Amino acid sequence: MTGQVTMMTGRNLKLYLRDQGAVFFSLLSMLIVIGLMTLFLGDMHIEEITNLLGKFPGRDAAADKKNAELFVLSWTFAGILSINAVSVTFSALTSMVKDKTSGRIHSIYTVPVSRMAIALSYVLAAWAASVIICMLTLAITEIYGVIKGMEWFSAVTHAKLTGFIMVNSFAYASLMYTGAVLVKTEGAWSGLGTVIGTLTGFLGGIYLPIGQLSQSVGNFMKCTPVIYGAAMFRDAMTDQILQTLFADVPDEIVHTYREIMGIDLTVFDRQAGVQTDVCLLLIFGTVFLMIAAGLVKYGKKSDR
């Protein structure tokens, strides 16, 4: 059965990668966020940081501004990595929706493989597509950052980011598969994609940091997985530049700023570290995978 799952996973993955439009629109969120930060939002964050640091005597204003620019870049790249998994897994599972609506899925069910194995192949293909595109996104954004003056991430940071990408991709592959099981038409799937694309950047605190929003809105964001994915990427990708940027600044101020920017999250009056972020995403993905498995099993019975 393993070989058949692998073969079907490869088929689903190839369908996604061959669709150049789908791959392009998966990367479109990266281009949009970089454009927004370059043209509008980035200057606002840089000004806030330089004004904060300007209150401390003996600071090098020019160096602080440059480091602030590099911090905003790193922070932005982390947000892009977190939301890319959403758009990629959604696009990758479009093939499943097309299989359902075209009736091709009935031919697939004639293959001597269980429905659970077929379902697993769709999830694995979405996960693999997300990992591939997110790793490509990491390479592109890091090269762009280095051109702008950033330092290369260390080997340890790269290892962390690779693990984070795999965990984040698993969570959204499970979620999007559940959605794909529930929708009945391509139009409904397309409409769902519009809603998800609109909300994701907001829920991840990409456009406005969570600390600049009201407490009620912030609490709502903490009920979704997007903000936790963004937080773990931000912790790894901004750590080095934050140490340089906030050198000789009191720890209380650094901690407060990290919370404002969504790097550190407080949940139930306790700080949620990277380990908590990872665990929550794994739990989230596992729960939705179980829900999807139940839906597939129910669908099998209802077809009889």
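With a relative accessibility of 28%, Tyr144 counts as partly exposed (20% to 50% relative accessible area, with buried under 20% and exposed over 50%; 1.4 Å probe, protein chains only). Phe77, by contrast, has a relative accessible area of 1% and is therefore buried.

The model is predicted, so local features need pLDDT of at least 70 and side-chain atom pairs pLDDT 80 or more, while totals for chains, interfaces and linings use all residues. Residues are numbered from 1 along each chain as its sequence is written, and side-chain values use heavy atoms, without hydrogens or water.

## Aromatic pairs

Six aromatic pairs are present in the structure (ring centres within 6.5 Å, Trp by its six-membered ring; planes under 30 degrees apart are stacked, over 60 edge-to-face, the rest tilted). Phe77 and Tyr144 form an edge-to-face pair, because their ring planes stand at 70°, with the centres 6.2 Å apart. Since Phe77 belongs to helix H3 (residues 61-92) and Tyr144 to helix H6 (residues 115-148), this pair ties together parts that are 67 residues apart in sequence; helices are DSSP runs of H or I, at least four residues, numbered from the N terminus.

## The pair of Phe246 and Tyr257

The ring centres of Phe246 and Tyr257 are 5.3 Å apart and the planes lie at 50°, so this pair is tilted. Phe246 sits in the loop between helix H10 (226-245) and helix H11 (251-260), whereas Tyr257 lies in helix H11, so that the pair ties together parts eleven residues apart in sequence.

Technical notes. Helix = DSSP H or I, 4+ residues; strand = E, 2+ residues; numbered from the N terminus.
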